[in-house]
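Subject: Structure handover

Hello,

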Amino acid sequence: MQSSSRSGIFYALTAFTLWAIAPIYFKEMSFVPATEILAHRVIWSCLIVLVLIILLRYTNALKTVLRSPKTLMAMLVSTILIGVNWGTFIWAIQNNQMLSASLGYYINPLISILLGVIFFKEKLDRVRKAAVVLCFCAVVFEVIQFGSLPWIALSLAITFGFYGLVRKKVAVDSFTGMAIETAILLPFALLYLMMSDSPTANIFENNASVNWLLFAAGPVTMVPLMCFAAAANRVSLVTLGFFQYIGPTGMFFLAVFLYDEPLSVEKLTTFVLIWSALAMLIVDSIRRIRKTKAANFTAKKETL
């Protein structure tokens with residue numbers, strides 16, 4: 001059990017670290033249009049995940065989903081959401097908006113809390129109410145300072161939040177879900193590449209190094225997902241929740257220290273408000289975990 005937990009932590013660290021440094025790949029691919037990168041991400045991810053499904057014997061799960069029209073309709077919605085999320089993320093990285101992308105994934109847990117209240121009738125305690133209020137204040141502050149909504153951050157947070165909601169509703173495993181989502185997008189990706197006038201759209205006219213970089217869009221997508229799936233089977237969702245902040249933190253440091261994106265006092269204030277909200281959630285989660293452990297220990301002691 002302990003070795004399983006350790007390996008789960010290793011897989012979680014690997015997954016979220018890879019997601020944290022993934023912007024480096026998309027930044028290096030700036031010579032290729034964002035929509036074209038998205039198309040290659042879909043194509044190669046689809047091929048890789050279908051091979052994995054065969055090797056890992058997930059074919060029965062795939063067949064079950066394909067026989068359910070209701071599940072397929074839900075997967076169509078999740079496909080649109082993840083497609084918009086991927087496209088927005090790639091565009092943001094290539095257009096020097098990595099800080100906005102980072103902010104979006106910091107906001108995402110707070111969006112998930114709101115969705116839980118709306119769709120699962122979850123109740124907000126004082127800590128979570130305060131965290132949501134701080135998030136709202138951060139968005140309002142951004143609007144006042146810059147005169148517009150932080151649409152990149154909100155688009156990423158909202159699409160990924162609703163994506164998680166839909167996937168939770170249908171309860172399809174990550175590999176099967178990814179196979180269906182990328183398969184739905186596959187015809188559009190292929191059609192785009194056939195109709196595109198981009199100089200790199202035709203892989204038969206590219207040199208080998210460019211094609212290998214385009215193919216890498218698949219592993220960049222699938223390897224952290226595989227590690228995340230392995231981690232989810234070994235550690236609790238609460239534990240995984242603490243690791244999720246590695247991704248946006250990595251993006252923040254890359255944006256500021258590697259790619260020299262301007263971090264104004266106003267922008268930093270927005271981040272501080274969001275960080276404060278997340279810090280409250282983390283401290284509250286730790287308090288809940290300790291309280292549960294203490295209660296379990298007391299109950300166990302009383303039974304002896």
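The largest nonpolar core has 74 residues. A nonpolar core here is a set of buried Ala, Val, Leu, Ile, Met, Phe, Trp, Tyr and Cys residues joined through side-chain atoms within 4.5 Å. Buried means under 20% relative accessible area, exposed over 50%, and partly exposed in between, with a 1.4 Å probe and protein chains only. The residues with the most contacts inside this core are Phe-26, Phe-89, Ile-107, Leu-110 and Ile-274. Helix H5 (residues 98-120) gives the core its largest share, eleven residues. Helices are DSSP runs (H or I, at least four residues), numbered from the N terminus.

This is a predicted model: local features need pLDDT of at least 70 and side-chain atom pairs count only at pLDDT 80 or more, while totals for chains, interfaces and linings use all residues. Residues are numbered from 1 along each chain as its sequence is written, and side-chain values use heavy atoms, with hydrogens and water left out.

Leaving aside residues up to four places away in sequence, Phe-89 touches Pro-23, Phe-26, Ala-101, Tyr-105, Leu-156 and Met-251; contact means heavy atoms within 4.5 Å. Another core, of six residues, lies apart from the largest one and includes Ala-12, Phe-16, Ala-231 and Phe-243.

Now the rings. There are 21 aromatic pairs in the structure. Rings of Phe, Tyr and Trp (its six-membered ring) pair if their centres lie within 6.5 Å; planes under 30 degrees apart count as stacked, over 60 as edge-to-face and the rest as tilted.

Phe-16 and Phe-228 form an edge-to-face pair, 5.9 Å centre to centre with 85° between the planes. Phe-16 lies in helix H1 (residues 2-28) and Phe-228 in helix H10 (residues 217-232), so this pair ties together parts that are 212 residues apart in sequence. Phe-16 is buried at 8% relative accessibility, whereas Phe-228 is partly exposed at 27%.

The ring centres of Phe-252 and Phe-271 are 5.0 Å apart and their planes are at 65°, so this pair is edge-to-face. It links helix H12 (residues 246-258), which holds Phe-252, to helix H13 (residues 265-303), which holds Phe-271, 19 residues apart. Phe-252 is buried at 7% relative accessible area, and Phe-271 is buried at 0%.

Ring pairs also join Tyr-25, Phe-26, Phe-89, Tyr-105, Phe-160 and Tyr-163 into a cluster.

Regards

Terms used. Helix = DSSP H or I, 4+ residues; strand = E, 2+ residues; numbered from the N terminus.
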